[in-house]
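I opened this notebook to record what I looked up in the structure. The entries follow the order in which I took up the topics.

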Amino acid sequence: DEADRRLAKVYEARSHAAYNAGRWADALKEAQKALEIASELRDTHLVTEAMTQVGIHLRNIGKIDEAERHFRAALRAATDMGDARLTQVPLYQLGSVLWTRGDAKLAEEFWLESQQLSTEINNPKSLAFAHNGLGILAACRGETAEARRNLEKSASLFEGLGLLAPLSITQVNLVELYYCSGS
């Protein structure tokens, strides 16, 4: 079992590497392999992480319905386990799926819950993502000051963590906000 757990983690790492190399289809395949092994082990923690990663990759290639199913299943499993650390990413990602579908109100609920949990357990990475989502939402509502506050907080957190990919996305969001508000 321990060898299989490690193998699932290797597939997860390969998934991240493929994603970072821009090979999203390969990233999905590797994440699915990790999920398959985790499911065979019946390791709920590992299954939850893998389901979340599969959902992220499905979302990246435009398979929104499938992504949502994975995020909801991961969120249910994490909630059943009572592990707040595992709920943050599915919460944020569900908010993003709902945002994609035009349901800003429900997206905001998920992002606020992700923000609250991230603050409670001191997870700056998840907090940065939540601030980014809330910043975009505020910008779309015309709440420039609130958007700027959230996006700048997100950028600061991502920069402090050295996470360049999400930092660049947040910085683009800030540039668009500055441009549209005449700053």
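**Entry 1: Aromatic rings**

I began with Trp99, which counts as partly exposed at 28% relative accessibility. I noted at the outset that the model is a predicted one.

I then looked up Trp111 and found that it counts as buried, at 2% relative accessibility. The structure holds five aromatic pairs. One of them is formed by Tyr19 and Trp24, whose rings are stacked, with 5.9 Å centre to centre and 10° between the planes. Tyr19 is partly exposed, with a relative accessible area of 32%. Trp24 also counts as partly exposed, at 36%.

Why is the pair of Trp99 and Trp111 tilted? I found the ring centres 6.0 Å apart and the planes at 45°, so the pair is described as tilted. The cut-offs place stacked pairs under 30 degrees and edge-to-face pairs over 60, and tilted pairs make up the rest. This pair links distant parts of the chain, since Trp99 belongs to helix 5 and Trp111 to helix 6, 12 residues apart. I also recorded a cluster in which ring pairs link Tyr92, Trp99, Trp111, Phe129 and Phe158.

**Entry 2: Nonpolar cores**

I next asked which residues have the most contacts inside the largest nonpolar core. They are Leu35, Met51, Val54, Phe71, Phe110 and Trp111, in a core of 34 residues. The elements that give two or more residues to this core are helix 1 (2-20), helix 2 (24-41), helix 3 (44-60), helix 4 (64-81), helix 5 (84-100), helix 6 (104-120) and helix 7 (124-140). A second, separate core has 11 residues, including Leu151, Ala155, Phe158 and Leu174. I set beside this the general remark that nonpolar side chains tend to be buried together in soluble globular proteins.

I looked up the surroundings of Leu35 in particular. With neighbours within four places in sequence left aside, Leu35 is in contact with Val47, Ala50, Met51, Val54 and His70.

Helix 6 has 17 residues and reaches 24 Å from its first C-alpha to its last, close to the 24 Å expected at 1.5 Å a residue. Its buried residues are Ala107, Phe110, Trp111, Ser114, Gln115, Leu117 and Ser118. I asked what covers these buried residues of helix 6. The cover includes helix 4, helix 5, helix 7 and helix 8.

Helix 6 is followed by Asn122, which has a positive phi, near 60°. Asn122 is not a glycine, and I located it in the loop between helix 6 and helix 7. Is Asn122 buried or exposed? It is exposed, with a relative accessible area of 65%.

Arg42 has a positive phi of about 60° and is not a glycine either. This residue lies in the loop between helix 2 and helix 3. At 74% relative accessibility, Arg42 counts as exposed.

**Entry 3: A histidine in helix 7**

I looked up His131, which is found in helix 7. His131 counts as buried at 5% relative accessibility, because the cut-off for buried is under 20%. Which residues is His131 in contact with, once neighbours within four places in sequence are left aside? I listed Gln115, Arg149, Asn150, Leu151, Lys153, Ser154 and Leu157. Of these, Gln115 is among the buried residues of helix 6, and Leu151 is included in the second core.

**Entry 4: Helix 9**

I closed with helix 9 (residues 164-180). This helix has 17 residues and spans 24 Å from its first C-alpha to its last, close to the expected 24 Å. The buried residues of helix 9 are Pro166, Leu167, Thr170, Asn173, Leu174 and Leu177. Seen down the helix axis, they fall within an arc of 120°, so they line one face of helix 9. These buried residues pack against helix 7 and helix 8 (144-161).

I then checked the face of helix 9 turned away from its buried side. That face carries the exposed residues Leu164, Val175 and Tyr179. Just after helix 9, I noted that Gly182 takes a positive phi of about 80°.

Note on methods:
Residues are numbered from 1 along each chain as its sequence is written. This is a predicted model: local features need pLDDT of at least 70, side-chain atom pairs count only at pLDDT 80 or more; totals for chains, interfaces and linings use all residues. Side-chain values use heavy atoms; hydrogens and water are left out. A nonpolar core is a set of buried Ala, Val, Leu, Ile, Met, Phe, Trp, Tyr and Cys residues joined through side-chain atoms within 4.5 Å. Buried means under 20% relative accessible area, exposed over 50%, partly exposed in between (1.4 Å probe, protein chains only). Helices (H or I, at least four residues) and strands (E, at least two) are DSSP runs, numbered from the N terminus. Contact means heavy atoms within 4.5 Å. The expected span of a helix is 1.5 Å times one less than its number of residues. The arc is that of the directions from the helix axis to the C-beta atoms. Rings of Phe, Tyr and Trp (its six-membered ring) pair if their centres lie within 6.5 Å; planes under 30 degrees apart count as stacked, over 60 as edge-to-face and the rest as tilted.
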